[in-house]
Amino acid sequence: MLMKRLGLIFCLIAALAVSDAFAQSADSILVREDYVGAPLLKVLKDFETKYGMTLKYDSAALGAYRYEGIFFGAPLQLAFERVCQEIKGVSCYIDNEGVYCIVPTKNLPRNRTKQENKAYEGNATRRNLTVTGRIKDQTNGEFLPFATVHVEAHPNVNASTNNDGYFTLYNVPSDTEVLVFRYLGYETQRFYLSPEINVQNLFVELQPALNALDEVTVVAEREDVLKVPELSIGVIQTTAAKIADLPALGEKDLFRTFQLMPGISAANESSAGMYVRGGTPDQNLVLYDGFTIYHQEHLMGVFSAFNTNAVKDVQLHKGGFDAKHGGRLSSVMEIVGKTGNDKSFNIGGDIGFLGFNAFAELPFNNEKGTFFVAGRRSFQSFMYDKFTSVYSENSQQPMGGGGRFNMRNQQKPISYFYDLNAKLTYNPSKRDILSLSFFNGEDVLDNSREGFGSSFISGSITDKTNWGNIGSSLKWSRNWNNRFYSNALVSFSNYYSMRDRQNSSTGTFGNAAVMFDMNTDEENRLWDYSLKIDNEYKLSGTNKLEFGLNYSNYNIDYRYSQSDTSSILDMQNRGNLLSLYLQDRLTLNESLTLQPGLRLSYYDVTARPYFEPRLQAFYKLNDKIKLKASAGYYYQFVNRIVREDISAGSRDIWLLSDNTGIPVSSAMHYVAGGSYETKEFIFDLEAYYKKLNNLSEYTLRFAPSFMDNSAYQEFFYTGKGYSRGIDFLLQKKYGKLTGWIAYTLSETRYSFPVYGNGYFPANQDVTHEFKTVITYKPVRNLTLSASWIYATGKPFTEPIGAYALNTPNSGSMSFIVVDKKNNARYPDYHRLDLLAKYDLSFIKEVKSSISVSLFNLYDYSNVWYREYAYDKSVGITETNINLLGFTPNVTLSIQLK
């Protein structure tokens with residue numbers, strides 16, 4: 001199946017290559033030249049005399065430059081653009097007459113005095129301009145999403161790029177202004193306008209900070225790992241390049257990086273899932289290149305399912321998000337996958353104690369297309385066994401007869417995970433982009449064991465589980481003109497989880513031998529087929545309209561059976577969801593910005609519409625102080641139901657909302673806060689309140705001991721809840737020493753009538769959570785970082801007593817009595833992690849680094865959960881199942897470019 005999917009991707013590459021061959025017939029001028037070591041002046045002279053180009057340049061100023069390149073029949077336009085891109089220190093632009101101008105970048109003024117500014121303003125020929133263009137990576141040609149641009153003398157005149165790197169900057173005062181371009185992990189670049197420059201369709205290239213030549217510039221301008229975008233509420237941005245600068249548990253991890261920010265719980269070492277402002281992982285909409293990923297964890301929750309080598313940019317909306325997104329109660333994460341290098345072939349990878357990953361990127365069709373592929377796989381090692389040992393050690397469960405059921409494993413669990421990412425991008429024109437993205441991640445766990453038992457029972461268990469997600473999207477983006485941009489996307493996503501458990505044992509009770517044979521089979525599958533159309537229309541520099549639609553067809557099956565024939569749960573869900581949205585971002589003056597929006601959904605299972613009004617507001621008191629607020633209504637139609645106590649089953653299942661046992665859940669968000677920002681620091685504060693309705697849970701706690709199998713579907717329960725808190729962030733953004741201090745004070749409470757009256761702490765409730773992160777770069781090629789986390793212990797249900805009953809065979813059965821749900825808390829959680837990363841330079845043409853990470857440096861025993869057993873002679877005994885202690889790791893990363 002996997003080979004078929006890859007075959008489809010490569011067939012599409014071939015088809016696009018053939019179609020482009022016809023398109024090239026219009027460009028009959030091809031360049032075939034060997035310019036290795038040639039003076040730049042010779043190259044430019046050839047382009048003029050041999051190929052008929054009209055150029056402007058100063059021979060004296062360009063005399064010292066040389067070019068290293070060979071052209072094997074490249075179209076003239078692409079060949080010239082390649083020369084401009086590959087010669088460092090040289091800039092090219094088109095003047096108003098359509099003539100290419102080539103000038104040394106160093107000759108452009110880096111800082112203008114007031115007198116110089118007046119002189120430039122006096123030379124201006126155009127006023128109140130609209131500047132458009134795209135921003136890309138100088139080293140590999142990838143376009144940069146969510147980059148920012150503003151006028152240096154007028155910071156309020158600003159814009160950001162969309163997913164495809166396009167920007168439109170309105171109301172630029174004159175054609176002599178200085179534009180400032182920024183992107184996380186890249187050098188800040190200033191672009192100097194002049195009357196000769198054509199300000200439409202600029203191509204601006206930013207240089208990664210790691211490759212900067214001027215070390216002083218690196219120190220002065222380098223940004224921190226995570227960024228809070230201006231005029232946003234609850235939004236955090238990062239790039240894959242910056243994630244490598246933080247301590248990690250064996251692998252660079254996307255989700256665990258975000259867990260270091262306020263409002264996102266980091267006290268979930270056993271889960272890489274995102275617990276955002278009291279929400280659960282299923283309440284987060286996680287989009288990878290536009291399609292939904294339903295299961296985001298590897299290795300029983302230790303790692304997220306996203307290979308950072310395949311990720312370009314990530315934005316997380318912690319709450320109060322706009323009308324463009326829906327279908328979830330808590331947050332939205334937008335992941336943009338890498339498109340690949342459009343300049344040259346590149347390959348690279350990482351290897352550590354847990355596994356290895358590799359990637360390759362290949363341009364084709366004269367830089368019009370790129371293909372990117374990345375794969376990652378774990379392997380058994382001493383460190384991998386450390387993670388899985390919790391399944392083979394400390395595994396003691398209470399058992400009838402007053403004894404303790406002690407599993408003595410004769411083999412370690414066999415487990416591995418892998419993921420595969422591929423992306424094909426093709427630019428048929430300067431305004432159009434076609435992209436095909438693919439994702440597949442899977443875990444396999446074999447926890448079978450032989451020879452467990454006690455003094456009166458022995459046997460074997462076969463226990464095999466595999467789970468994962470497959471998804472793909474095909475997107476067409478078009479920049480129709482300076483005002484109108486749209487994209488259309490079709491996608492599918494398939495989540496699956498399968499478990500087969502067989503328990504065979506023999507027991508001796510008195511003089512009788514009894515054989516036990518119990519099989520359980522569980523399967524959960526979800527198919528999501530979607531169509532999305534998103535549009536942006538800029539009415540003016542102060543008014544941007546966004547509108548679109550989203551259609552999804554859901555098919556979800558869940559089956560849980562025992563002994564091959566006894567079906568406990570057998571559910572088939574089918575449903576269609578159609579959503580329309582409209583929102584308007586309106587800047588009323590230089591201080592106030594409003595963004596009202598409305599999302600309207602129709603869900604055919606309940607046969608009724610759902611209205612979701614949204615509002616965001618921003619107010620600038622001055623250049624440093626900004627206030628913000630948002631409110632909105634949110635619905636969720638696809639739910640991950642927590643199951644409290646089905647024997648030998650997984651803890652959660654995906655199901656669709658319906659009219660009966662699983663209602664459509666909803667939430668109301670209120671968020672308000674403010675920020676104080678200088679060049680080096682930002683202090684950000686947000687208070688939030690979420691009111692939750694129609695939450696669902698499944699439990700057999702109150703089921704009778706014997707009942708008909710058809711009655712199992714009756715034990716879905718409905719409740720409500722709320723989450724409230726305050727997030728604090730103090731961040732140092734620039735300099736050799738960067739980092740942040742984050743603190744969250746929160747409360748999450750649920751109320752389910754089946755558990756009694758009143759509210760109880762939700763499983764994910766954490767009252768206090770404090771995090772601090774420090775990154776220090778003492779020299780150019782060395783990065784040192786540390787993170788420390790402290791959090792209040794999570795709630796759990798503690799026993800209050802136990803008793804034993806005698807059985808007819810002279811044995812006994814023990815029972816533990818529990819109090820109110822989540823009536824106690826585990827000990828507080830804390831740990832210190834360190835990282836040292838050194839950029840190697842022993843091979844000039846190869847980028848490489850080695851990282852040493854130390855997880856839980858002082859080896860503190862954080863409690864994961866507790867197990868209880870009862871013995872009449874000693875009473876109730878408890879066993880702490882602890883999370884990882886001190887864990888080191890070494891990772892070597894290598895890539896050509």
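Predicted model: local features only at pLDDT ≥ 70, side-chain atom pairs only at ≥ 80, totals over all residues.
Two strands are taken as paired if DSSP finds at least two bridges between them. Strand 8 and strand 11 run antiparallel and are joined by six bridges. Within this pairing, Thr132 has Thr168 of strand 11 as its bridge partner.

Salt bridges were examined next. Side chains of opposite charge can pair when their charged atoms come close. The structure contains 31 salt bridges. One of them joins Arg126 and Asp175, with the closest N and O atoms 3.0 Å apart. Arg126 is located in the loop between helix 5 (114-123) and strand 8 (127-137), and Asp175 in the loop between strand 11 (166-174) and strand 12 (178-182); the pair therefore ties together parts that are 49 residues apart in sequence. Arg126 and Asp175 are both buried.

A salt bridge is also formed by Lys312 and Glu142, where the closest N and O atoms are 3.8 Å apart. This pair links distant parts of the chain, 170 residues apart: Lys312 belongs to strand 20 (residues 311-317), while Glu142 is in the loop between strand 8 and strand 9 (148-151). Both residues, Lys312 and Glu142, are buried.

In a further salt bridge, the side chains of Lys50 and Glu33 meet at 3.3 Å, N to O. Lys50 lies in the loop between helix 2 (40-49) and strand 3 (55-57) and Glu33 in strand 1 (residues 30-34), so that distant parts of the chain, 17 residues apart, are linked. Glu33 has a relative accessibility of 15% and counts as buried because the limit is under 20%. Beyond these pairs, a network of salt bridges links Arg277, Lys318, Lys628, Asp684, Glu686 and Asp727.

Nonpolar packing was considered separately. In soluble globular proteins, nonpolar side chains tend to be buried together. The largest nonpolar core comprises 41 residues, of which Leu254, Phe258, Tyr288, Phe306, Met333 and Ile335 touch the most other members. Two or more residues are given to this core by each of helix 7 (240-243), helix 8 (254-258), strand 16 (284-288), strand 20, strand 21 (331-337), strand 24 (369-378), strand 43 (737-751) and strand 46 (782-791). With neighbours within four places in sequence left aside, Ile335 is in contact with Leu254, Val286, Leu287, Tyr288, Asp289, Phe306, Val311, Asp313 and Val314. Another core, of 25 residues, lies apart from the largest one and has Val151, Leu169, Leu193 and Leu206 among its members.

Helix 4 (residues 76-86) has Leu76, Ala79, Phe80, Val83 and Cys84 as buried residues. These residues cover an arc of only 135° around the axis, which places them on the same side of helix 4.

Glu536 is part of strand 32 (residues 512-540). The relative accessible area of Glu536 is 13%, and the residue is buried. Apart from neighbours within four places in sequence, Glu536 is in contact with Asn162, Arg483, Phe484, Tyr485, Lys544, Leu545 and Glu546.

Terms used
Residues numbered from 1 in each chain as written. Heavy atoms only, no water. Salt bridge = Lys/Arg side-chain N within 4 Å of Asp/Glu carboxyl O. Helix = DSSP H or I, 4+ residues; strand = E, 2+ residues; numbered from the N terminus. Buried < 20%, exposed > 50% of the residue type's maximum accessible area, 1.4 Å probe, protein only. Arc of directions from axis to C-beta. Core = buried A, V, L, I, M, F, W, Y, C linked by side-chain atoms within 4.5 Å. Contact = heavy atoms within 4.5 Å.
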